Amino acid sequence: MGKYFGTDGFRGRANVTLTALHAFKVGCFLGYYFSAEKPDGRAKIVIGKDTRRSSYMFEYALAAGITSTGADAYLLHVTTTPSVSYVARTDGFDCGVMISASHNAYADNGIKIVNGNGEKADDKLIEQIERYLDGGEDLPFAVGEKIGRTVDYVAGRNRYLAYLLSLSRCSFRGMRVGLDCANGSAWAIAKAVFDALGAQTFVIGAEPNGVNINLECGSTCILSLCKLVREKGLDIGFSFDGDADRCICVDEKGNVADGDAVLYVCAKYLGEQGELDGNGIVATVMSNLGLSRSLAREGISCARTQVGDRFVYAEMVKSGCLLGGEQSGHIIFRKYATTGDGLLTAVKVMEAVIERKCPLSCLTEGLTRFPQRIKNVEVKDKCAVLRDDRVRAVIFKAEELLDGRGRVIVRASGTEPLIRILTESDDAAVCERTAAMIEEAIVKAEDD
C-alpha cells in the first residue's frame, strides 16, 4: 500500500484526507500521462460515480484535471464500478476512474483507477501518481484547441446493462426476487436487469439522497433483506454494496449466503457445465477452511491469496482459473469480467438455481464451515499496532491455544483505519476467546 492508494484505490474522508484538489491533481496526471502516449496527443478517460453527495464534487474535479492536460473525459454519471471496468475495456478507453468508497459510510469517498483492459491500475502508475501528489514537477496545461472535452456518455452505461442481460442462459420468469441496492450505484440498474429477465422484483435501498448510501442496508447490513425475503415469501434475495462490486445472497428461508457460499455454488455449477478451467477456484485467506474441504470432496481445488480482489484476479490469470472471489462478496467470473461484479454474480447465481431446479438453500447444503469469529477494531495507526510487541505476543498465545486445530489472521484493512481479526477453529468457544484476547490487546496498545 502507498501513502494515498491502498488495495482498492485512494480512499478517505471527503474533503479531509481526500479533497477536491487531490481529485483535480489525479485527473491532471492521468490526462497528461495517457495523452503523452497517444499519436494525436489526446487520451480518452471514462468516469463513473456512486450516489454519495461528494461524488459529484470529485467527478467535476477529476474531469477538470483530465481536460486541463489535454485528454477527453467521458461521464457515465451514477453507475457501478464493474460497469466502468467493462466500458474501459470494450470502448477503447485509455483508462477508467470510479468515484466510490464502496461499502463505507457516505462521508468517505474514493478514487479507483482501472487500465484500458478494465483491470486494476498497476503499481508503477500508482507510484507516479503518488509522487505527483506529493509535490512532483508541475505538468503543462493544454491551451487552445488542445484543451480536452467533457462528454456525456450514458450510452456506455446502457451498453453494460445490455451486456448483463446477454449473459443469462435462462429466463427468470416466475421467480420472486428481493434486491437491496444499498442506496448506491445499483439503484437504477439492478431492478432494470431483473425486470428485463422476467423476475418479479421487490426492491429496498433504492432511494439515494446523497447521505444514506450503505445506511442500515446493503451487503454489510444484510438483515433488512433477510426480513424482506421472509415477509414476502421470496424465492431469493441479492444485496449489493455502494458501488455494486459485491453481492451477498439470501436464500428462500431468509438465511445469508456469503461470498464463500456463492463460490461453492458457482464452482459446482460451472464444473458441471465444463466451464471451470483449471478445475479450481481462487479465494483469499479470509475464506472459511470449510470451503476448501467442501470443494475438495467435489474434486475442485481452492488456491488462496492475500485479501483483495486484485490479488485474486492476478492469481486467476496466472493459474488459468475462471472463478474466484472473497467471503465479502467480491466474486470474479473471469470469462465475463476483469473485476468483482455484484450484478453479474446475482445473474449467475439465479442461473444456477433455475438450471439446477433447486432453491439456493439446497445448493449450499454441501458446504460445511468451521466456526469463525471476525472482529474489526478501529485504530489510529495500523502499522504501529501490528508492530507492538504486546499485540504480537497475544497473537502468538492465541495460535498456541488453537494448537493446530485452526488459525489466526490479524491484518490491517487496506481501505479503512481498522485492524481486522479472524480466528477459526473446530471449537466455537475457542474462536470467541482468542478473538477477544487479540481485540483487548489491540485496544490497550491504542490507549497507551
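Mentor: A charge sits over a ring if NZ of Lys or CZ of Arg is within 6 Å of the ring centre and within 35 degrees of the ring normal. Keep that handy for this predicted model.

Trainee: OK, what makes the charged end of Lys-44 count as sitting over the ring of Tyr-74?

Mentor: Its distance from the ring centre is 5.4 Å, and the cut-off is within 6 Å. The charged end of Lys-44 also sits over the ring of Phe-93, at 4.7 Å from the centre.

Trainee: Why is the pair of Tyr-86 and Tyr-163 called stacked?

Mentor: Stacked needs planes under 30 degrees apart. Here the planes are at 20 degrees and the ring centres 4.6 Å apart, so the pair is stacked. The pair joins helix 3 to helix 5, 77 residues apart in the chain.

Trainee: And how do you know whether Tyr-86 is buried or exposed?

Mentor: Buried means under 20% relative accessible area. Tyr-86 has 9%, so Tyr-86 is buried.

Trainee: Then why is Asp-389 called exposed?

Mentor: Exposed means over 50%. Asp-389 has 61% relative accessibility, so Asp-389 counts as exposed. You'll find Asp-389 in helix 14.

Trainee: Back to rings: what makes Phe-29 and Tyr-132 a tilted pair?

Mentor: Stacked is under 30 degrees, edge-to-face is over 60, and the rest is tilted. Phe-29 and Tyr-132 have 40 degrees between their planes, with 5.9 Å centre to centre, hence tilted. Phe-29 is in helix 1 and Tyr-132 in helix 4.

Note on methods:
Residues numbered from 1 in each chain as written. Predicted model: local features only at pLDDT ≥ 70, side-chain atom pairs only at ≥ 80, totals over all residues. Heavy atoms only, no water. Helix = DSSP H or I, 4+ residues; strand = E, 2+ residues; numbered from the N terminus. Buried < 20%, exposed > 50% of the residue type's maximum accessible area, 1.4 Å probe, protein only. Phe/Tyr/Trp six-rings, centres within 6.5 Å; stacked < 30°, edge-to-face > 60°.
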